[in-house]
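Student: Please take me through one part of this model closely. I would like to see how the chains meet and what is packed behind that meeting.

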Amino acid sequence: MQKNENIVLHADRVSKIYPGTKALDNVSFDVRRGKVNVLIGENGAGKSTLMKIIAGIERPSSGRIILEGKEVSFKDTTEARAYGIGIIHQELSLFPNLNVYQNIFMANEKTIYNLALDNKQHVTETIKVLDRLEYPLNPETLVGDLRVGQQQMIEIARNLIQKNLKILIMDEPTSSLSEQEVEVLFKIIRELTASGISIVYISHRLEEIMRIGDYVTILRDGRFVAEEEVKNINVPWIVQQMVGQEKSYKRKEREIDWSKRETVLNVKNMKLPKSGGGFLLDDVSFNLKKGEILGIYGLMGSGRTEIFECLMGLRPEFTGTVELEGKAIKISNVSEQIDRGFAVIPEDRQREGLVQTMDIGRNISLSSLTRYMKGMFIDFKKEDQKINEQIKDIRIKVADKRLPILSLSGGNQQKVVIGKGILTEPKILLLDEPSRGIDIGAKTEVFDIIHQYAERGLSIIVISSELKEILAIADRIIVLSNGIKTDELTGEEITEDRLVLASYKGHRKHHTNEKGEK
Amino acid sequence: MCWHHTRDTASIIPMKKEKSNMAAGTKKLTKNDIIMSLLKGRTFIVLIILVLFFSFAAPNFFTASSLLLIAKHVALYGILGIGMTYVIITGGIDLSVGSIVGLGGMIAGGLINEGLRMFGYTAYLNVPSIVIVTIAFGALVGLLNGFIITRFKVAAFIATLGTMYIARGFAMLRSNGATFSNIVGKEALGNTGFEFFGRNILGIPVGAIILLIIAVISGIILKNTPFGWHVQSIGGNEKAAKLSGVKTNRVKRLVYMFSGMCAAIVGIITASQLVASHPASGETWEMNAIAAAVLGGTSMSGGVGTIGGTIVGAFVIGVINDGMVMCGVSEFWQMIIKGVVIIVAVLIDQFQRNLQNRMALQSREENK
């Protein structure tokens, strides 16, 4: 191929064959210099595989990688890094046991005479790079103590300190970021591209791609589908290319007079102290009607997940009153809360939702085993029947329910976690980012499931950081910001603008307070 | 009970089902499937090979008397191994079991020979009461383990390392390091019959019978009760288990308690077999228990393991130990060989797990 100044890296007819499947089939891909090259496709389309090959994590079964006109082949990521290719993984690959600067300079340490670590330099450079990211953090903080969004920034910082960085691959960098953090990230991306660094950007969020992307390449089932400049296309076109048909989530308006519905849950003055002063939740009150879908919108660190943690008994130290069906309850531990009719679908599916060593069926029935007893023993027939019902009810695509849980795709794994919660026959279902990391098709299905259960009278609280998603799904939305409830919207009031506005309010209020006190 | 460590009810039947499924789906039985079934049965295969080998190598190996001796030893490792399997499945470890064996033996032996001195009187308990008291002590040490681990979030390795020394120390203190010998009791005191646990019934050692009973009960609990599944869920993903409503701390405490009880039972059996209790008995036996569990396919990272596997593992350890003695292999070589066997077993285990994961991911792709 000809050397083209505008193309920094060219993947030439790359294939990757795993035992039994072809993850990539003859895909060619150009990384254009100083541009944001977006790669889109549903889960399993081969995006991540292609990225892994470019970043040196996997080797192609056939095909070539040409970097600035020269064919290259990377043994591992270290070698790829030496060539100036950095990657930010979807699943963060940081060391929670080490602090911020140790993480940033891991395997790239500055030393004094090649012997002692030069931690002074580490700290100053860390402060510098974090300033550049407009994300000041104490360099000595343990990464394990940071929220996911903050950790993402560390991942980026880690690549930025690379001197000869030419290509930065970002695999779903925004999936755990708040809107505010996304803005920062986009600004950084703009700066990077302006300085000649090429970005490869993978994302499920199409609006984002329209904003930040320059070129779009679409993959489907491991094959190349289309490539286009972003200015020539729109979201429906992308979706059509991705799935072969047009899909988007529509808002389902429900004609219900909520004032006549009974209140299932009433939370008053929920307060949760933060270690080291301040509050994670500051006087939050809200209620939940029977059959209602209540959305909680807020940025990273706004206290949204903490509400669930309080309700589930993971934070028994919170103060305030919680009334379940009119009766005040004292919340002390998880299993008691489940018995009372609460169920939670945690944000992090792999770490908190699934037991990877158990099969699909047992992951579904785990929460409700004690309901299927014959004397002292589990009544396997009844358990089996319940699992089957649930698999059918929430349409989990599964060949055999005794297969390992990891044999399911992300979307189906998520449905398993939801199914587990629903099998406990809850009164209140708490969903924390239920569509995180799953493809559009599965997302719509998850939304349908949520609606279906709300129609049957289940009361649901959904946390989401995706505007479009929460708009489509919730009957009513409360907005949290910095631990404070800043807005509550129903029906017509629900607009993107108002949500975004409210999601910053808490910080402003806080700042003025501080000033006032001083 | 079967010997491989997946959750299939019986080893052979589901395998057949798989095959017929494959046939129905007009799929060939792949090489992976065959390797898999061989891998799942590896410990059993190893056991058979060992038995055959020693039968030829040591002419007196395959005789009733030596097999009886092996069964006696296997009973000890097996019972310890069962408790250990439960602990390891929750993702923990129990290093204190060897010391509890010693302590249990000293408590039982002391109660028989010296009785219970209180308020200037000496009370002699009958044997069933002694057994109950001893097991209760084992449970107590186990509960202490569980309490330290769950209440103070101390790593299981450290907590049980501590209680290992504590229990051993108390065992030594009981007699100032001396042995209680001839613990048969006296007719006049009504505490005879302790040797029973070291005897044979219909040619089978009582210890082996106790092992069988414990194995069946604990196997059923692990497989057929919510408690058993909660144990497995904790080792698989403790956080998810907790959010699913599993009372993780309670389950863990019970599991360590059970392990302590198993160790106390072994203490009784071994004291009874020797008709003497020595405070140093059971030293390093925790390692045999861990080895039995691991050989039986219990994953040290938790979540996976079966009682049946551990029993086979205990047999492998027992056969290697006694077989090599009968062949006249030096004690030093025995250690080396045992170590090699354990490492190889874990290597194969990892290989199998990788294969299993690969097959899972493969079917995930196929389902797309």
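**The contact between the chains and the packing behind it**

Tutor: In this predicted model, 35 residues of chain A are in contact with 31 residues of chain B. On the chain A side, the elements that give two or more residues are helix 10 (334-340), helix 11 (349-353) and strand 20 (377-378). The residues of that side divide into 18 nonpolar, eleven polar and six charged.

Now the packing. The largest nonpolar core has 165 residues. Those with the most contacts inside this core come from both chains: Leu430(A), Ile450(A), Ile460(A), Val462(A), Ile79(B), Leu80(B) and Cys262(B). Helix 11 (residues 248-274) of chain B gives the most to this core, with 15 residues. From chain A, the core draws at least three residues from each of domain 2 (261-341 + 426-517) and domain 3 (355-425).

Take Leu80(B) on the chain B side. Leaving out residues up to four places away in sequence, Leu80(B) touches Val97(B), Cys262(B), Ala263(B), Val266(B), Trp285(B), Asn288(B) and Ala289(B). A second, separate core has 64 residues, among them Ile7(A), Leu24(A), Leu67(A) and Ile209(A).

Just after the helix, Gly297(B) takes a positive phi of about 95 degrees.

Helix 3 of chain B (residues 42-57) has another pattern. Its 16 residues reach 22 Å from first C-alpha to last, close to the 22 Å expected at 1.5 Å a residue. Arg42(B), Thr43(B), Val46(B), Leu47(B) and Phe54(B) are buried. They cover an arc of only 135 degrees around the axis, which puts them on the same side of helix 3 of chain B. An α-helix has 3.6 residues a turn, so residues three or four places apart point the same way. The face turned away from the buried side carries exposed Ile48(B), Ile49(B), Leu52(B) and Phe56(B).

Back to chain A. The domain assignment gives domain 1 (7-243), domain 2 (261-341 + 426-517) and domain 3 (355-425). The C-alpha centres of domains 2 and 3 of chain A lie 27 Å apart. Twelve residues of domain 2 are in contact with eleven residues of domain 3. The largest share of the domain 2 side, five residues, comes from helix 15 (residues 440-455) of chain A. That side divides into nine nonpolar residues, one polar and two charged.

Finish at Ala474(A). Its place is in the loop between helix 16 (467-473) and strand 23 (476-481) of chain A. Ala474(A) counts as buried because 24 other C-beta atoms lie within 10 Å, and the cut-off is 20 or more. Beyond four places in sequence, Ala474(A) touches Ile293(A), Leu294(A), Gly295(A) and Val462(A). Val462(A) is one of the residues with the most contacts inside the largest nonpolar core. Glu253(A) is 221 residues from Ala474(A) in sequence, yet the two are 9.2 Å apart in space, C-alpha to C-alpha.

Terms used:
Residues numbered from 1 in each chain as written. Chains lettered and ligands numbered in written order. Predicted model: local features only at pLDDT ≥ 70, side-chain atom pairs only at ≥ 80, totals over all residues. Contact = placed C-beta atoms within 7 Å. Helix = DSSP H or I, 4+ residues; strand = E, 2+ residues; numbered from the N terminus. Nonpolar A, V, L, I, M, F, W, Y, C, P; charged D, E, K, R; others polar. Expected span 1.5 Å × (residues − 1). Buried ≥ 20, exposed ≤ 12 C-beta atoms within 10 Å, placed from the backbone. Arc of directions from axis to C-beta. Core = buried A, V, L, I, M, F, W, Y, C linked by C-beta atoms within 7 Å. Domains from an automatic or database assignment.
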